[in-house]
Amino acid sequence: MCELFGYSAETKYEVNEYLKTFFKHSPKNPNGWGLACMDGNEAMIEKEPIQATKSNYLKERLKQPVLSHNVFGHIRFATIGNEEYSNCHPLSGKDATGRRWTVIHNGTIFDFEPLSKYIKVQEGTTDSERVLLYIIDKINRTETEDKRLSGRERFEIIDCLIGNMAKGNKLNFMIYDGEYMYVHTNYKDSLYYLEKEGAVFFSTGPLTGECWKNVPFTRLLAYKNGKLIFTGKSHGHEYIDSEENMRFIFQNYSQL
């Protein structure tokens, strides 16, 4: 399924070589690519609903330095949602106070009823967009212009949501809220991190011969400027492939 790339650091670092290696994996994930450069509340998102290695735009884009404090990369294997621009990651939206949330997701939400109501209002057709809308909705219900949530309070809200959503669902994702980068995996050996020179890199698989390690499992992490700030408790909901779920994924993909 999809692959993820993330980067967080206090100082900007050119990540082109990591991205070039990452996007070379796109023949196995041919349904779209995306790149987000994020500094504070701003996110510059570039994406196309085609295989990354077939994109002339991406080829030219990576000839220019990709420099930002926070970077997301995504290559899509479509399990839910057609091959179109609105379904490509990263996905982004603002909450009621103007804070921008940007997400990339590798996984499938097989069953989580609270997401159903967002089907009628989302722009695309992916479960990933519904997850984004759900998180923004929960933040909006808690925060106002007069009562802004602290970083710790935002983390605790998302930690609770993810713990509930992870049961029975594959939920590998990264979210950036203009301040913190949230990272989560509940599928073994499917998300790695590399710490170097005051920065942290994330990827579905190691991209170099450097010392990549497994991201801590079944718990939410939050990074700021390349440093781990918050760590949630393990919710214990490991996702394990089943024959029924694999059949569901295959049937959806075959209809694209």
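Biologist: Quick one to start: is phenylalanine 155 buried or exposed?

Modeller: Phenylalanine 155 is buried, and tyrosine 182 is buried too. Keep in mind that this is a predicted model.

Biologist: OK, and how are the rings of phenylalanine 155 and tyrosine 182 arranged?

Modeller: Their centres are 6.5 Å apart and their planes are at 20°, so the pair counts as stacked.

Biologist: Where do those two sit in the chain?

Modeller: Phenylalanine 155 is in helix 4 (residues 151-165) and tyrosine 182 is in strand 8, so the pair ties together parts that are 27 residues apart in sequence.

Biologist: How many aromatic pairs are there in the whole structure?

Modeller: A search turns up 17 of them. Tyrosine 182 shows up again in a pair with tryptophan 101: the ring centres are 6.2 Å apart and the planes are at 15°, so that pair is stacked as well. This one links distant parts of the chain, since tryptophan 101 is in strand 6 and tyrosine 182 is in strand 8, 81 residues away. Both of these residues are buried.

Biologist: Which residues do ring pairs link into a cluster?

Modeller: Phe5, Phe22, Phe23, Trp33 and Tyr57.

Biologist: And what lies over the face of tyrosine 85?

Modeller: That's lysine 47, at 5.1 Å from the ring centre.

Biologist: Switching topic: what's the strand order in the open sheet of 6 strands?

Modeller: The order goes 5-6-7-8-12-13, and the pairing is antiparallel. Strand 5 (91-94) and strand 13 (227-231) are the edge strands, each pairing on one side only. On average, neighbouring strands are turned by 25° against each other, ignoring direction.

Biologist: Which helix packs on that sheet?

Modeller: Helix 3, residues 127-142. Helix 3 touches strand 5, strand 6 (100-108) and strand 7, and its direction makes about 140° with that of strand 6.

Biologist: How many bridges join strand 7 to strand 8?

Modeller: There are 4, between residues 170-176 and residues 181-184, and the two strands run antiparallel. Tyrosine 176, for instance, stands opposite methionine 181 in strand 8.

Biologist: Zooming out, how many helices and strands does the chain have?

Modeller: 5 helices and 13 strands.

Biologist: Last one: what share of the residues count as buried?

Modeller: 54% of the 256 residues.

Methods. Residues numbered from 1 in each chain as written. Predicted model: local features only at pLDDT ≥ 70, side-chain atom pairs only at ≥ 80, totals over all residues. Heavy atoms only, no water. Pairing = 2+ DSSP bridges. Axes fitted to C-alpha atoms, helices over the stretch in contact; angles between N-to-C directions. Contact = heavy atoms within 4.5 Å. Phe/Tyr/Trp six-rings, centres within 6.5 Å; stacked < 30°, edge-to-face > 60°. Buried < 20%, exposed > 50% of the residue type's maximum accessible area, 1.4 Å probe, protein only. Lys NZ or Arg CZ within 6 Å of the ring centre and 35° of its normal.
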